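Subject: Handing over the structure

Hi,

Here is the structure I promised to pass on. Please have a look at it, and then read on for what turned up.

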Amino acid sequence: CKVLVSGANGYIAVWVVRTLLEKGYSVRGTVRSEEKAVHLRQLFSSYGDKHEVVVVEDITKEGAFDEAVKGVDAIEHTASPFHMNADDPDELIIPAVNGTVGMLKSALKYGQSVKRIVITSSGAAVLRDTTTPFTFSELNWNEQCLEILKEKGRDAPNMMKYRASKTLAEKAAWEFWNKHKASVGWDLTVLNPPYVFGPAINEATAPSGLGTSSKLFYNYVAQPNSSGATNEFLASFGTTWIDVRDLAEAHVISLEKEAAGGERIIVSAGLWKWQDFIDAANTISPPPKLATGGLPKGNPGAGTGHPSTVHFLQYDTSKAARILGLKYRTMAEMTRDTLADYEAKGW
Ligand code: NDP
């Protein structure tokens, strides 16, 4: 069984590739340049022919994935820009939407052997900012970011531009599938994860090379001054999270469960505030030896569970439990393993 993974060098995708290989699948990853294939080839060299990497330079080009989809049984489409420094919203929206629809178009034309396509969407396509606590489910769509983008364009907050790129890409995917489902041999599963944290096996020679979510974790949980954040910020900022290894597992299980076809599925381990991870870090024994000189303290106990702490965003994760039967790593385990990863890298 061969699986195509787009954006295979990304933080989440390398774990998806590893999990697939460990479970016996063959993997064809796509990256944007030969240079980005080097680390992957090295990391998975023991898998021989079962692991290949191909270059797809520009995922927005018509027919970009035409060659890559040939002969694969399933697709995990993870490639999409995830950063908060786009001036022009189209920098995020065009690759997100055209990359996703382009993958589906290529599968329609040349993916005769494809049975399932899993797309990595995001909680960003589900949630909206609220002023009272709200539990979101798969029935919710983030229209708020689209309205803000329409109104403000380039002046919209960067987070809203990112959320719009994920919402528009996911909407386009479902629209495409609804139009073509009668004539294709595959179905669609969409995963909607929240903030993703955990050890990084993608190429990162320094913390600055980490992905957007994992860099935040490093900045707030592994630096004694938490990048200058106030204790109030550390106790109040946070939403929901999942361990990158569990998200990778979810990508693989999504290929295997018949019932996942045609579903968007929120996968989330639970609530967090930065203070929670900091508290978890400070219980590790012996304490991790970090090049940053130590761990932050913040205000211990002031995060989730403190009577004055509010979580505006919660997710109903019953669909993931029912269909995927996913088990989530704990905050203690993720924090320990992430700090051990920094220590091993000499960070
Ligand atoms: P990374 O930035 O580590 O990986 C993103 C991948 O997408 C890389 O392979 C990257 O290639 C590729 N990519 C980015 N922009 C483009 C582009 N314009 N054209 C072609 N390829 C591109 O991010 P993550 O691993 O964190 O994210 C992977 C997916 O998961 C994304 O779809 C993201 O939206 C989603 N997600 C992430 C969450 C998180 O907290 N990390 C939470 C929820 C969803 P290159 O290295 O060449 O730039």
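To begin with a term: a charge sits over a ring if NZ of Lys or CZ of Arg is within 6 Å of the ring centre and within 35 degrees of the ring normal. By that rule, Lys70 lies over the face of Tyr110, 4.6 Å from the ring centre, and Arg264 lies over the face of Trp141, at 3.6 Å.

Please keep in mind that this is a predicted model, in which local features need pLDDT of at least 70 and side-chain atom pairs count only at pLDDT 80 or more, while totals for chains, interfaces and linings use all residues. Residues are numbered from 1 along each chain as its sequence is written, and side-chain values use heavy atoms, with hydrogens and water left out.

Some polar contacts (pairs of N or O atoms within 3.5 Å) stand out for a first look. The side chain of Asn9 has an N or O atom 2.7 Å from an oxygen atom of the ligand, and a backbone N or O atom of Tyr11 is 2.8 Å from a ligand oxygen atom. At Pro81, a polar backbone atom lies 3.4 Å from a nitrogen atom of the ligand. Taken alone, the ligand exposes 880 Å², of which the protein buries 87% (Shrake-Rupley method, 1.4 Å probe).

On to the aromatic rings. The structure holds 23 aromatic pairs (ring centres of Phe, Tyr or Trp within 6.5 Å, using the six-membered ring of Trp). One cluster is formed by Tyr195, Phe197, Phe217, Tyr220, Phe233, Phe237, Trp241, Trp272, Trp274 and Phe277.

Finally, two backbone details. Most residues other than glycine have a negative phi, and most peptide bonds are trans.

Enjoy exploring!

Terms used. A polar contact is a pair of N or O atoms within 3.5 Å; within protein, one must be able to donate a hydrogen and the other to accept it, and residues adjacent in sequence count only if both atoms are side-chain atoms. Rings of Phe, Tyr and Trp (its six-membered ring) pair if their centres lie within 6.5 Å; planes under 30 degrees apart count as stacked, over 60 as edge-to-face and the rest as tilted.
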